[in-house]
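Subject: Structure for your review

Dear colleague,

Please find the structure below, together with its sequence.

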Amino acid sequence: MAASGGRTVGSFLWKCGNCCFNFNTVSSNLTRQVLSRQLCVSAVLHRKNLAAAGPEKFSEEFIKKQVEEFNIGKRHLANMMGEDPETFTQGDINRSIAYLFPSGLFDKKAKPLMKHPDEVFPKQRAVQWGADGRPFHFLFYTGKQSYYSLMHVSTGSLVGSRWLLKEELEELLVETISEHDYARFIQLMERLLSLPYCSVEEDFVQRYRRQLEIQSSKQQVQPLQYDQHGVAYSTGDGRRKTATGTVLLRDSGSGSISINGTNYVHYFPVLQDREQLMFPLHFMGVLGRFDMQCSVSGGGHSSQAGALRLAISRAMLSFLSEGQVETMRQAGLLTPDPRIKERKKPGQEGARRKFTWKKR
Amino acid sequence: NFMPVCSLGLCGLHHPWLVAAGYSCSGPLCATAVAVKTLPLQTDSTNVTDKILNLPLEMPDFFRCADRLMEPYLFGSRLDQDIIDLDQTVEHLQSALNFTAHIAYRGSVILFVSRRRQFGHLVESTAQDCGEYAHTRYWQGGLLTNAPIQYGPGVRLPDLIVFFSTLNNVFQQHVGVRDAAKMNIPTVGLVDSNCNPSLVTYPVPGNDDTPAAMELYCRLFKMTINRAKDKRRQMELLQGRSAVGLTTSS
């Protein structure tokens with residue numbers, strides 16, 4: 001788990017610092033023992049399956065100690081890298097760790113990690129009752145006090161926002177909720193919104209909604225360029241599997257397409273590939289408007305066609321309005337296809353195909 | 001030493017209770033519901049009994065298979081309705097409220113339980129107003145019997161459980177009754193004619209179907225508990241003052 005990686009690095013640095021300070025005062029034997037003892041302890045902690053830990057696994061003092069260790073470790077790391085400890089950001093920490101502990105592993109969660117304990121350890125519930133044993137919340141004995149008290153509130157515009165997901169709600173309430181409970185919660189909230197005067201409780205409702213990010217605003221649209229004859233043109237590039245393609249889109253043309261110097265009909269004898277080229281233009285209804293000069297390399301014919309399609313869509317963005325860009329995005333024309341060839345595994349013939357099973 | 005706080009409540013009621021002429025009953029047998037208002041019972045005319053009589057507390061029980069163990073509390077049945085003896089109800093209610101008041105005086109944890117969805121919100125608000133606890137939801141099996149593991153070590157179990165209806169939604173006895181008996185937790189329960197009162201420490205035979213009846217009981221319990229807590233605070237202040245007086249004098 002990430003927690004274990006982080007703890008080692010942080011505690012290791014803390015110990016490092018300790019060792020540096022105590023070098024002169026404490027005898028080397030002791031230091032070595034202390035080091036080895038502490039390392040042994042951390043190995044024991046490793047072995048404990050943190051994922052199967054029950055509730056209240058991390059007490060408040062433990063978390064506080066972790067935070068102190070993290071801060072001290074951060075300063076030591078800054079000193080080690082020769083940076084100013086005061087202005088050492090999380091990004092600097094990540095880079096330093098990647099430099100000091102280079103890892104050839106692919107999984108991000110398997111690499112060494114040094115983060116603030118609040119991000120590493122899951123949020124725990126504080127003790128729910130006071131010194132006399134009386135619980136604080138009146139619904140404590142139901143087991144899901146925060147969830148059941150949600151609808152006990154004596155209780156906009158919703159466009160562009162969505163309800164909290166089950167995971168987000170669990171994080172907010174610090175309780176586990178079943179799917180039934182979550183469905184019921186959404187049902188009740190919708191019912192609340194359907195009642196008249198629901199605008200009175202808008203604050204309450206907004207607490208359980210998240211703004212949807214407007215995806216289209218993330219598109220970077222290059223401004224149009226004009227050549228010496230005043231004709232507008234734009235470029236775009238796209239990738240698909242191992243093929244890369246670039247396109248030069250020229251306005252006020254006749255719909256001619258040349259790929260790597262040859263006509264597209266000769267380059268793509270298969271109809272499907274030509275359809276892929278046509279699709280963005282056909283979708284926006286500008287089939288005969290543009291002239292295209294494409295260059296493509298790598299991959300096979302299908303992936304080259306896909307790469308060119310993405311390149312054409314991206315090049316077209318400069319010629320289109322906001323709404324049209326949004327429609328293109330929703331049609332999936334602007335999303336690069338992430339599929340690549342799956343690796344072959346040992347003990348199998350291919351990525352999925354197993355060797356022939358012989359009964360005897 | 002503390003005074004028995006609840007010979008209090010029943011004689012001190014000053015609420016103008018409306019005689020409910022019409023009321024909303026749930027269930028398909030609504031049509032046969034008749035307000036049994038005046039019965040020729042030999043009762044001593046305390047305020048309470050009259051007022052209880054005037055309310056439609058002896059409402060018909062929709063599933064008229066009366067439990068054998070409830071027969072001592074019933075007069076019998078008439079027109080498919082089981083008539084509960086209100087004298088006994090008054091006595092039982094009095095002892096139950098007395099017990100609750102003592103418990104609340106000692107600052108213990110009281111848990112209100114009811115699985116009737118019609119009155120869930122009412123019970124929860126009652127609990128909130130008293131400063132006690134409520135559970136009107138799905139009862140997780142190990143709530144009382146497996147509490148240290150479910151909630152954490154050192155959790156305190158309720159010292160009294162008050163059932164506003166001892167049945168759950170499937171007309172079987174609520175799991176809490178049995179679990180409380182297992183964990184030696186005293187219970188106060190409003191038992192209707194189709195309930196089994198044997199495991200309840202202080203059964204109160206009465207109707208748990210009508211909103212008016214439920215509101216009455218909620219109000220009574222809330223009043224009892226609030227008065228008990230006020231009394232406790234008063235006594236603590238007096239003791240505090242007397243202790244201060246002693247120290248200053250000495």
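Chain A and chain B bury about 1,900 Å² between them, and 56% of this lies on carbon and sulfur atoms; buried area is the accessible area (1.4 Å probe) that two parts lose on being put together, summed over both. On the chain A side, the residues that lose the most area to chain B are Arg134(A), Phe138(A) and Tyr141(A), which together make up 43% of what that side buries.

Please note that this is a predicted model, in which local features need pLDDT of at least 70 and side-chain atom pairs count only at pLDDT 80 or more, while totals for chains, interfaces and linings use all residues. Residues are numbered from 1 along each chain as its sequence is written, chains are lettered from A and ligands numbered from 1 in the order in which they are written, and side-chain values use heavy atoms, with hydrogens and water left out.

The interface

Chain A contributes 16 residues to the contact and chain B 27 residues (contact means heavy atoms within 4.5 Å). One salt bridge is counted between the two chains, a salt bridge being a side-chain nitrogen of Lys or Arg within 4 Å of a carboxyl oxygen of Asp or Glu. Glu132(B) forms a salt bridge with Arg134(A), with the closest N and O atoms 3.1 Å apart.

The nonpolar cores

A nonpolar core is a set of buried (under 20% relative accessible area, 1.4 Å probe, protein chains only) Ala, Val, Leu, Ile, Met, Phe, Trp, Tyr and Cys residues joined through side-chain atoms within 4.5 Å. The largest has 50 residues, and Phe112(B), Val162(B) and Phe164(B) are among those with the most contacts inside it. Helix H6 of chain B (residues 211-249) gives the most to this core, with ten residues; helices are DSSP runs (H or I, at least four residues), as are strands (E, at least two), numbered from the N terminus. Apart from this core lies another, of 28 residues, including Leu249(A) and Ile312(A). Beyond its neighbours within four places in sequence, Phe112(B) is in contact with residues including Glu132(B), Val162(B), Phe164(B) and Phe221(B).

Arg250(A)

Arg250(A) lies in strand S5 (residues 243-250) of chain A. Phe290(A) is 40 residues away from Arg250(A) in sequence, yet their C-alpha atoms are 5.4 Å apart.

Yours sincerely
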